Amino acid sequence: MRVLEIAGICVVALLALLFAIFFRRRLLMTGGGTIRLQVHINTIVPGRGWSPGLGQFVGDELRFHRMFSLAIRPKRVLDRRALTVEDKRLPAGPERLTIPGHWVVLRCRTADSVLEIAMAETTVTGFLSWLEAGPPRDPGSLRGRPVFGPRPIEG
């Protein structure tokens with residue numbers, strides 16, 4: 001009998017934990033300004049280390065909350081005043097197993113680091129609009145920021 005009680009308590013605790021994770025995700029998504037994205041957290045093994053989550057736009061910040069975490073605080077906070085997009089590419093190699101096919105990877109630079117974020121192609125347009133809609137910067141801070149519009153035809 002004692003074993004069944006312990007097993008029952010473990011099952012109830014596991015269900016409560018799963019409920020808390022999904023409730024937290026739903027709570028984040030109801031506030032609006034939320035997108036699905038993945039952040040390259042660990043770069044030790046090429047193509048691995050992507051962490052799925054939700055990005056929440058709050059003022060001049062993009063707050064990244066990990067999908068399967070009970071943390072109340074975001075894992076990363078990206079300030080748009082210090083964020084520049086350096087490159088845009090499709091997932092390659094082993095990344096194609098963890099990142100959906102219609103997503104793109106953006107290589108970004110912050111004030112102190114370089115990171116990669118992946119999001120759906122349709123979300124990239126909104127992300128870049130949010131990034132460009134920030135307060136004016138000094139001209140030197142725009143170095144390295146490519147324009148992802150139509151490219152001139154080379155002839």
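What follows is a conversation about the sheet, the salt bridges, the cysteines and a surface patch of one predicted model.

Trainee: Before we start, what kind of model is this, and how are residues numbered?

Mentor: This is a predicted model, in which local features need pLDDT of at least 70 and side-chain atom pairs count only at pLDDT 80 or more, while totals for chains, interfaces and linings use all residues. Residues are numbered from 1 along each chain as its sequence is written, and side-chain values use heavy atoms, with hydrogens and water left out.

Trainee: OK, the sheet then. What is the strand order?

Mentor: The order is 4-3-2-1-7-6-5 in an open sheet of seven strands with antiparallel pairing, where strands are DSSP runs of E with at least two residues, helices are runs of H or I with at least four residues, and both are numbered from the N terminus. Two strands count as paired if DSSP finds at least two bridges between them.

Trainee: And which strands stand at the edges?

Mentor: Strand 4 (76–79) and strand 5 (84–89) do, and each has a single partner strand, so one side of each is left without a neighbour in the sheet. From one strand to the next the twist averages 35°, with axes taken as lines fitted to C-alpha atoms (for helices over the stretch in contact) and angles running from 0 to 180 degrees between N-to-C directions.

Trainee: What holds strands of a sheet together in general?

Mentor: They pair through backbone hydrogen bonds, either parallel or antiparallel.

Trainee: How many bridges join strand 3 and strand 4?

Mentor: Four bridges join strand 3 (residues 61–66) to strand 4 in the antiparallel sense, and E61 has D79 in strand 4 as its bridge partner.

Trainee: Is strand 6 mostly covered or open?

Mentor: Strand 6 (residues 103–109) is mostly covered, since five of its seven residues are buried; here buried means under 20% relative accessible area, exposed means over 50%, and partly exposed lies in between, with a 1.4 Å probe and protein chains only.

Trainee: Switching to charges, how many salt bridges are there?

Mentor: The structure holds nine salt bridges, each being a side-chain nitrogen of Lys or Arg within 4 Å of a carboxyl oxygen of Asp or Glu.

Trainee: What does R89 do there?

Mentor: The side chain of R89 meets that of E95 in a salt bridge at 2.8 Å, N to O, and R89 forms another with E116, where the closest N and O atoms are 3.0 Å apart. E116 lies in strand 7 and R89 in strand 5, so this pair ties together parts that are 27 residues apart in sequence. R89 is partly exposed at 26% relative accessibility, whereas E95 is buried at 5% and E116 is buried at 14%.

Trainee: And where is R80?

Mentor: R80 is in the loop between strand 4 and strand 5, and at 10% relative accessibility it counts as buried. R80 and E61 are 19 residues apart in sequence and 6.0 Å apart in space, C-alpha to C-alpha. R80 is also linked with D60, D79 and R81 in a network of salt bridges.

Trainee: New topic, how many disulfides does a search find?

Mentor: A search of the whole structure finds zero disulfides, a disulfide being a pair of cysteine sulfur atoms within 2.5 Å. As for individual cysteines, C10 is partly exposed at 46% relative accessibility, while C108 is buried at 0%.

Trainee: Last one, which residues make the nonpolar surface patch?

Mentor: V11, L14, L15, L17, L18 and L70 make a patch of about 530 Å². Patches are made of residues with over 30% relative accessible area and no salt bridge, like charges being joined within 9 Å and nonpolar side chains (Val, Leu, Ile, Met, Phe, Trp, Tyr) within 5 Å, and the accessible areas come from the Shrake-Rupley method with a 1.4 Å probe, where for residues only the protein chains shown count as cover. L14 lies in helix 1 (residues 2–30) and is partly exposed, with a relative accessible area of 49%.
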